[in-house]
Structures are given as C-alpha cells and as structure tokens.
Amino acid sequence: MCRWAAYRGEPLYLEELVSSPAHSLIEQSHCATRAKTATNGDGFGIAWYGERPEPGRYRDILPAWSDCNLKSLARQIRSPLFLAHVRAATNGGTRRDNCHPFVHGTWSFMHNGQISGFEAIRRPMEALLSDELFHARTGTTDSELLFLLALQFGMDADPFGAMEKAIATVEELSHQRRGEALVRFTAAFSDGKQLYAVRYATDHKPPTLYAAPMGGRTGYCLVSEPLNDDVDTWVEIPDGSAVKVCAEGMQASIFQPQSLPQAA
C-alpha cells in the first residue's frame, strides 16, 4: 500500500508535509506504521499549483528517502494546494509513468489501494474512454485508468459523482468478468481550486485517511497517516466518506457508489 499527503490552505512550503515533520512523507516511505507494508520505495511524486491553472509535477522511480532533489524542491516550492505520494507497487511496474500523482488538464490525482483482478477488466475499462482520454494514458496502473474513467464520467462538473460512477462501473465489470468485486480506494484529487478526497472499500477495509487543520483558518492537511504524535489534532475519516477542502474549510459527505452486482 502507498502513502500520501495533500494540502489546501494558506501557501506553505512542501517540506512542511514532505520532509520536516517527525513522521513526514519521506519518513513514511521507509517506516510506515499504519500500512500492510512499512516500506514504500517504488517511486514518488509531487504535484503543486501555482500561478498557472495546470499543476507542476515531479516524479521519479527512486525511493523518496534517497532523492536529494525531492528534499531540495520541497524546501523551495511554496504552494496553497499540493499532493505528494510515495509508492508501494501493486499494479504496474516500477517506472516513472506509473508514479503518482497523475495529471490531466487542471486535474491531479493520487491513490492508495487496488482493484482486485484488474487485468480481467482492464480492456473493458479502456473501451469506455474517449479517444482523447485513451491516448492520454501513459502508464499501466489501475489508479491512472480509474482516474481517466472518472474524467470520462464528468469529473469537471461533479467530482464525487463521477468518481462514484467510475467505481460502480469497476465493480459491475468485476462481477461480470470474475463473479466478485473488490475495490479498496483512498484517494485525493484536485482541480487546482478545491481539494477532494475519498475513503471507500467494497469490503469496508479501505486504506487509512486522516485530516488535521493546517495553514490558516480554513486550511487542512489530508494524510494516509498522521505526521506527528499529536493524537488530538488528527481525525480519522470514516469508511464511505467524501471530503472536500475549499475556501469555507473542510466538508464531509457520504460516498456510496451505486453498483449493480450481476446475478449468478
């Protein structure tokens, strides 16, 4: 399982999540405490928003703890909205195109989890994409394809609704092709204005997600696991939740894909 951190609020340096805290994202890359695997060394990536609508991005296949460029960038880049991810590969080889975050237009996306039996439904998932989105795919992961599917289903107009439809489609295809479905999904995504996150699993065992206020009156940080030992600061986001961080602060709602299992 991967680890990630995302932030929206008053501009701050990326190092305040990525490298400076006692249990920073770099620390989690080789010593995660709330994941099945402690080591997340199959690459890393950061995406951040600045003066332009499209995000900047830096990714590499090196373990986050061994890349001096990451620490240097995190120390210099200051942003009001950014995503950072360290990878433990489940689907897709260790290559730069498979490292999160993925970007398309103004959108950025990163994921912790997996689609069980992904190869059995990969081609029908791809068939649902427009030519533009199909050719936008550069990697081989289930995460990137799920992101593109949500874009296909109208993420620009309704981010959570599009993601619910994408996951429901995956579950339905899994039932059709395999007779069962298992999706574990804890993700963050942004259009450069708002920060969105989802925690969901078909078996009610999703990867962890925590939130804490940071960076001004309405700023929040969302993480796979807390960045420090201040237990009163970090709140665990429940399974089946959608979270939005915007100018008004953090808002939570129910996330419930309407899947239609096929009869045996």
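Reply: A residue is called buried when its relative accessible area is under 20%, exposed when it is over 50%, and partly exposed in between, with a 1.4 Å probe and protein chains only. By that rule, buried residues make up 53% of the 264 residues in the protein chain. This is a predicted model, in which local features need pLDDT of at least 70 and side-chain atom pairs count only at pLDDT 80 or more, while totals for chains, interfaces and linings use all residues. Residues are numbered from 1 along each chain as its sequence is written, and side-chain values use heavy atoms, leaving out hydrogens and water.

Me: Why is H4 called oblique to H7?

Reply: Helix H4 (residues 118-127) and helix H7 (residues 159-178) pack at an angle of about 125 degrees, their axes being 9 Å apart, where axes are lines fitted to C-alpha atoms over the stretch in contact and angles run from 0 to 180 degrees between N-to-C directions. Angles under 35 degrees count as roughly parallel, over 145 as roughly antiparallel, 65 to 115 as roughly perpendicular and the rest as oblique, so H4 is oblique to H7.

Me: Which residues make the contact of H4 with H7, and what are their classes?

Reply: With contact meaning heavy atoms within 4.5 Å, H4 contributes Ala120, Ile121, Pro124 and Met125, and H7 contributes Val170, Leu173, Ser174, Arg177 and Arg178. The classes come to 6 nonpolar, 1 polar and 2 charged residues, given that Ala, Val, Leu, Ile, Met, Phe, Trp, Tyr, Cys and Pro count as nonpolar, Asp, Glu, Lys and Arg as charged, and the others, Gly among them, as polar.

Me: What makes Arg96 and Asp60 a salt bridge?

Reply: The term requires a side-chain nitrogen of Lys or Arg within 4 Å of a carboxyl oxygen of Asp or Glu, and the closest N and O atoms of Arg96 and Asp60 are 3.1 Å apart, so the pair qualifies. Arg96 lies in the loop between strand E4 (78-86) and strand E5 (102-104), and Asp60 in strand E3 (residues 56-60), 36 residues apart. Arg96, at 44% relative accessibility, counts as partly exposed, whereas Asp60, at 12%, counts as buried.

Me: Why are Arg122 and Glu126 said to be separated by about one helical turn?

Reply: They are 4 residues apart in helix H4, which means about one helical turn. Arg122 forms a salt bridge with Glu126, the closest N and O atoms being 3.2 Å apart, and Glu119, Arg122, Glu126 and Arg137 are linked in a network of salt bridges. Arg122 is partly exposed at 24% relative accessibility, while Glu126 is buried at 13%.

Me: How do you know whether His204 is buried or exposed?

Reply: The relative accessible area of His204 is 61%, so His204 is exposed. His204 sits in the loop between E8 and strand E9 (210-213) and has a positive phi of about 60 degrees although it is not a glycine.

Methods. Helix = DSSP H or I, 4+ residues; strand = E, 2+ residues; numbered from the N terminus.
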